[in-house]
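The sequence and the structure are shown first.

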Amino acid sequence: MAASRVRQMYLTAKNAAALDAELMSSGGFSLDQLMELAGLSCAQAVYKSYPPESKRRVLVIAGPGNNGGDGLVAARHLKLFGYSPTVYYPKRPNRDIYNRLYAQLTNLKISFTDDIDTAITEADQILDAIFGFSFTPPIRDPFVHVIGLLESSKKPVVSIDIPSSWDVDSGPPNTGEIGAGFVPNVLVSLTAPKPAARFFKGRHFLGGRFVSKELAEKQGLSLPEYPGVDQVVELPAENEKL
């Protein structure tokens, strides 16, 4: 008899990339669909953590990749949820998918800013959508300055998938390195938690409700059930108890 496959809770960067590829091949999803569901999940996690009546002004800091795209989608939903989002998007790629997301936000009269220092000062909370699971150092400008601001800011931060500057597998940078002092208040893991989540002690959600039970079984993943129609499920402080 073949040995049963070990069930895991964490996806390494390599396995996360492979799972995304499978979702977009045999899974039948497009990148637009995955980004839409991921961004909606993140917006819902923000709503559950910091409702608009308490922290209405959200600064979305978007990086140049898919993590930034998730943040743009989240900004659109946050606007529709009653927030007042502002987007800092300094490295906007000239690709159709990102151009359409940009157009969607401008059509909703969502503001974009080039002044990150002032934007952080004026925000009630921050959505960190800079780097995702494919991030590899070094951090380049202007994000060196941005990560420094996140380290020193007292505003609550929600990070998408991985706290920006953290290594997806080994966690936060070493003392003295850029981002070593950055610890968000909320983490929204997408698809499945990444190994870096072991080092995170704040409020933790799982989002991206697009992995079927069959695909989870194939990948050897142990994922919790999502409640009702929610796009996120809150994870216990110790993920080992999933």
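## Loop residues and cores

Apart from residues up to four places away in sequence, Pro163 touches Asp128, Phe182, Pro184 and Leu187, where contact means heavy atoms within 4.5 Å. The model is a predicted one, in which local features need pLDDT of at least 70 and side-chain atom pairs count only at pLDDT 80 or more, while totals for chains, interfaces and linings use all residues. Residues are numbered from 1 along each chain as its sequence is written, and side-chain values use heavy atoms, with hydrogens and water left out.

Pro163 belongs to the loop between E5 and E6. Its relative accessible area of 1% is why Pro163 counts as buried; the term means under 20% relative accessible area, with exposed over 50% and partly exposed in between, for a 1.4 Å probe and protein chains only. Pro163 lies 18 Å from Ala17, C-alpha to C-alpha, and the two are 146 residues apart in sequence.

**Overall form**

Seven helices and eight strands are found in the chain; helices (H or I, at least four residues) and strands (E, at least two) are DSSP runs numbered from the N terminus. The radius of gyration is 17 Å, which agrees with the value near 18 Å that a compact globule of 242 residues would have. That radius is taken over C-alpha atoms, and the globule rule is 2.2 Å times the number of residues to the power 0.38. The C-alpha trace spans about 65 × 40 × 35 Å along its principal axes.

Of the 242 residues, 49% are buried. Among contacts with a separation of 6 or more, 76% come from residues 24 or more positions apart. The accessible surface is about 11400 Å², and carbon and sulfur atoms hold 51% of this area, as given by the Shrake-Rupley method with a 1.4 Å probe.

**Nonpolar cores**

In soluble globular proteins, nonpolar side chains tend to be buried together. A nonpolar core is here a set of buried Ala, Val, Leu, Ile, Met, Phe, Trp, Tyr and Cys residues joined through side-chain atoms within 4.5 Å. The largest core holds 32 residues, of which Leu72, Leu78, Val87, Leu127, Val158 and Val188 touch the most other members. At least two core residues come from each of helices H2 (31–49), H3 (66–80) and H4 (96–107) and strands E1 (57–62), E4 (125–129), E5 (157–160) and E6 (186–190). H2 gives the most, namely six residues. Another core of 19 residues lies apart from it, with Ala119, Val146, Ile147 and Leu149 among its members.

Beyond its neighbours within four places in sequence, Val158 is in contact with Val46, Tyr50, Gln125, Ile126, Leu127, Asp128, Val186 and Val188. In helix H1 (residues 13–23), the buried residues are Ala13, Ala16, Leu19, Glu22 and Leu23. These residues pack against H2 and helix H7 (213–219).

**Loops and backbone geometry**

| Residue | Relative accessible area | Loop |
|---|---|---|
| Pro156 | 12% | between H6 (143–152) and E5 |
| Asp161 | 5% | between E5 and E6 |
| Pro163 | 1% | between E5 and E6 |
| Thr191 | 7% | between E6 and E7 (203–207) |

With neighbours within four places in sequence left aside, Pro156 is in contact with Tyr50, Lys55, Asp124, Gln125, Ile126 and Asn185. Pro156 and Leu190 are separated by 34 residues in sequence and by 20 Å in space, C-alpha to C-alpha.

Thr191, under the same exclusion of neighbours within four places, is in contact with residues including Leu11, Leu19, Asp20, Leu206, Phe210, Val211 and Leu223. Gly207 and Gly208 are also in contact with Thr191.

Most residues other than glycine have a negative phi, and most peptide bonds are trans. Thr191 is not a glycine, yet has a positive phi of about 70°. Asp161, also not a glycine, has a positive phi of about 70°. The peptide bond from Asp141 to Pro142 is cis, with omega near 5°, and Pro142 is located in the loop between E4 and H6.
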